[in-house]
Amino acid sequence: MPQSLVKNYIHLVFSTKHREALILPEFEVEIYDYLGGLCNQFDSPVLKVGGYVDHIHILCNLSKNIKMADLARLVKGNSSKWIKSLGPKFEYFYWQEGYGAFSVTPYDADKVVRYIENQKSHHEGVTFQDEFRRILRKYEVKYDERYIWD
């Protein structure tokens with residue numbers, strides 16, 4: 001086959017360092033737009049970015065030209081530097097070290113978009129840790145509780 005054809009929907013999830021509530025409502029749209037712009041810049045078109053005060057969800061179409069680990073590193077690193085520029089309250093802003101990345105079938109992409117859109121109501125009774133553990137169980141990802149939080 002003379003060309004490489006790829007369609008990989010990825011649900012990327014990561015939190016602020018120590019799950020600090022630093023994604024403030026007055027900045028959230030700007031932060032989501034910036035994160036989406038970074039994904040687009042790295043040829044991984046974003047379908048939806050959202051989250052809650054302490055974490056982010058990104059649904060994108062991972063480019064055939066970038067590794068998942070590189071996309072996560074570049075998005076988190078570039079956005080962290082930019083978020084620090086938003087003012088003194090973000091001087092010590094950091095993302096957690098790791099991330100979760102989960103494949104999504106094209107048929108379920110709309111469900112994930114809706115899930116991301118409903119993060120605020122979802123988190124009225126569920127912590128990020130509980131949500132992330134549920135996602136890990138759904139995807140049957142083995143993990144050690146001692147090493148997934150920082």
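Which residues are linked with Arg133 in a network of salt bridges? Select Asp130, Arg133 and Glu145: these three form the network. A salt bridge here is a side-chain nitrogen of Lys or Arg within 4 Å of a carboxyl oxygen of Asp or Glu. Over the whole structure, a search finds eight salt bridges.

Before moving on, note that this is a predicted model, in which local features need pLDDT of at least 70, side-chain atom pairs count only at pLDDT 80 or more, and totals for chains, interfaces and linings use all residues. Residues are numbered from 1 along each chain as its sequence is written, and side-chain values use heavy atoms, with hydrogens and water left out.

**Stop 1: Lys120 and Glu28.** Select this pair next; the closest N and O atoms of the salt bridge are 2.4 Å apart. Helices (H or I, at least four residues) and strands (E, at least two) are DSSP runs, numbered from the N terminus. Glu28 is buried at 12% relative accessibility, while Lys120 is partly exposed at 43%. Buried means under 20% relative accessible area, exposed over 50%, and partly exposed in between (1.4 Å probe, protein chains only).

**Stop 2: Glu117 and Lys48.** Their side chains meet in a salt bridge at 3.9 Å, N to O. Glu117 belongs to helix α3 (residues 109-117) and Lys48 to strand β2 (residues 46-52), so the pair ties together parts 69 residues apart in sequence. Glu117 is partly exposed at 48%, as is Lys48 at 26%.

**Stop 3: Arg73 and Asp70.** The closest N and O atoms of this salt bridge are 3.3 Å apart. About one helical turn separates the two residues, because they are three residues apart in helix α2 (residues 68-84). Arg73 is exposed at 52%; Asp70 is partly exposed at 23%.

**Stop 4: His57.** Find His57 in strand β3 (residues 55-62). His57 is buried, at 0% relative accessibility. Its side chain makes polar contacts with the side chains of His11 (2.8 Å) and Gln119 (3.0 Å). A polar contact is a pair of N or O atoms within 3.5 Å; within protein, one must be able to donate a hydrogen and the other to accept it, and residues adjacent in sequence count only if both atoms are side-chain atoms.

**Stop 5: Cys39 and Cys60.** The structure holds zero disulfides (cysteine sulfur atoms within 2.5 Å). The sulfur of Cys60 is 4.7 Å from that of Cys39, too far for a bond. Cys39 is buried at 0%, and Cys60 is buried at 1%.
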